[in-house]
Amino acid sequence: MNYREVNFDGLVGPTHNYSGLALGNVASMTHEGLVANPREAALQGLAKMKSLMDAGYAQGVLPPQQRPDLGALRSLGFTGSDTEVLARAAGEAPQILRAVCSASSMWTANAATVTPSLDAPDGRVHFTPANLQSSFHRFLEPATTARVLAAIFRSDAHFAHHPVLPASPAFSDEGAANHTRLCGGHGEPGVHLFVYGREAFGWGAEESVAPKRFPARQTLEASQAVARQHGLGESQTVFAQQHPDAIDAGVFHNDVIAVGNGPVLLYHEMAFLDERATLDELRAKLATPLIPVRVPLEAVSLEDAVASYLFNSQLLSNPDGSMTLVVPGECQERESVWRTIQDHLLAGNNPIAEVVVKDVKQSMRNGGGPACLRLRVVLGEAERAALSGRVLLDEALHGELTAWVERHYRDRLAPEDLADPQLVVETLAALDELTRILAIGSVYPFQLG
């Protein structure tokens, strides 16, 4: 079926701002209160998408969420006109206002967990939107995410959509940021590595090793539930606990400390609580030899790993069997990281043959690198043909989206600007036009009445 991995990047929304909402995300917390540039952020994301498209990689687009989320404010007791609701929220609960304006849906690695048809017993591509219940600003996303995915992956013959897991701490799910599919090639059956931070139920859960400074956002129970929804069996899955010391250092998702592609697993020494057991189980279940690329703590500290987002990079397959690593520009700013890339990754016995540096600073300041910005979906030729809407990037779509951003986005947005009623008018107009450009129909609350 000519399977290819399509990276569906999230378009950065018009309300991109630095509100410091994400506890445990060091970059987000550090840059709280800075003035953001939504236009630059969106254009940086589009530039990354286009450069990968030009290099021959399949590239898709996912739209941002409707923000500010006035419905959420009204559900919390703020009444009156839109202007009055914003004013009351700004005066009485500014942190809630910041939360309902978050553009965090740009990080589509958290949008859902995806299982290719190759691995599913019914031969369809399976999707489970993440509940993102660990933070209020992201908890607002799943309903719209589910509508967007259903609008694009519409064919019942090719795609299966599952309900969001219960919004309970016991089933805290952060999506594909804690899920990696390893395989010989994208067109071969794979093994699914689910990484969790804590266990909610079961004997010994209370005594299990857990982080002390920051919360563990993914539970074992959530990962197991998603695997069951998708029909994945024991021989297809590995469940590994994230190292609590890494979480406490700011590694809020596994994709901040490890990235996999094909048979390659690029990871930091502190990625997993039981490194040896995790690798042994992957080796036992993979049909192809695992290629672990381990970065030791003595080469890159946890602090440098988090600051540079070395592991929050895209690892992409090339036709000749080599791989390209797409890293954020911050990797060049940390001597230990850049030296490790040159001396250990590129010079090592592994398929990584090229490193490409991309500027995504607007996203990075909020704690999201290249890997956060994309949802990986392996699709066969018939499945790609069954996509609804106009979401696979080409020259024409890139040009239209660039012009759309330049028409609608501000080049300056401070937290105090979020109470501006005109921002609501601007964002709704932009999103209404965007759904027409992408031809995905009505997916936003304001369009659904």
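A439 counts as partly exposed, at 47% relative accessibility; buried means under 20% relative accessible area, exposed over 50%, and partly exposed in between (1.4 Å probe, protein chains only). A439 sits in the loop between α16 and α17, where helices (H or I, at least four residues) and strands (E, at least two) are DSSP runs numbered from the N terminus. This is a predicted model, in which local features need pLDDT of at least 70 and side-chain atom pairs count only at pLDDT 80 or more, while totals for chains, interfaces and linings use all residues. Residues are numbered from 1 along each chain as its sequence is written, and side-chain values use heavy atoms, with hydrogens and water left out.

- The phi of A439 is near 55 degrees, a positive value in a residue other than glycine.
- Y309 also has a positive phi, near 55 degrees, and is a residue other than glycine.
- Y309 belongs to the loop between α11 (302-308) and β12 (314-317), and Y309 is buried, with a relative accessible area of 3%.
- A cis peptide bond, with omega of about 0 degrees, joins R67 and P68.
- P68 has its place in the loop between β2 (58-62) and α3.
- As background, most residues other than glycine have a negative phi, and most peptide bonds are trans.

**Helix α16 and what follows**

- Helix α16 has 18 residues and reaches 26 Å from its first C-alpha to its last, close to the 26 Å expected at 1.5 Å a residue; the expected span is 1.5 Å times one less than the number of residues.
- At the start of α16, a side-chain oxygen of D420 comes to within 3.0 Å of the backbone nitrogen of Q422.
- That pair can be read with the rule for a polar contact: a pair of N or O atoms within 3.5 Å where, within protein, one must be able to donate a hydrogen and the other to accept it, and residues adjacent in sequence count only if both atoms are side-chain atoms.
- Among the buried residues of α16 are L423, V424, L431 and L438.
- The cover over the buried residues of α16 includes α3 (70-75), α4 (82-92), α15 (395-408) and α17 (445-448), with contact meaning heavy atoms within 4.5 Å.
- I440 is found in the loop between α16 and α17, and I440 counts as buried at 3% relative accessibility.
- Leaving out residues up to four places away in sequence, I440 touches P63, A151, I152, R154, G389, V391 and T435.

**Salt bridges**

- There are 23 salt bridges by the rule used here, which asks for a side-chain nitrogen of Lys or Arg within 4 Å of a carboxyl oxygen of Asp or Glu.
- R67 and D69 meet through their side chains in a salt bridge (3.9 Å, N to O).
- In that pair, R67 counts as buried at 5% relative accessibility, and D69 counts as buried at 17%.
- R124 and D122 form a salt bridge of 3.0 Å, N to O; R124 is partly exposed, with a relative accessible area of 25%, and D122 is partly exposed at 38%.
- R436 and D432 form a salt bridge of 3.2 Å, N to O, and both lie in helix α16 (residues 421-438), four residues apart, about one turn of the helix.
- R436 counts as exposed at 56% relative accessibility, while D432 is partly exposed, with a relative accessible area of 30%.
- K50, D54 and E395 are linked in a network of salt bridges.

**Around Q241**

- Q241 lies in strand β8 (residues 237-241) and is buried, with a relative accessible area of 14%.
- A polar atom of the Q241 side chain lies 3.5 Å from the backbone oxygen of G197.
- Setting aside neighbours within four places in sequence, the contacts of Q241 are V195, Y196, G197, V209, A271, F272 and L273.

**A nonpolar surface patch**

- L76, F136 and F139 form a nonpolar patch on the surface, with about 260 Å² of accessible area together.
- Patches are made of residues with over 30% relative accessible area and no salt bridge, joining like charges within 9 Å and nonpolar side chains (Val, Leu, Ile, Met, Phe, Trp, Tyr) within 5 Å.
- Accessible areas come from the Shrake-Rupley method with a 1.4 Å probe, and for residues only the protein chains shown count as cover.
- F136 is found in helix α6 (residues 136-139) and is partly exposed, with a relative accessible area of 33%.
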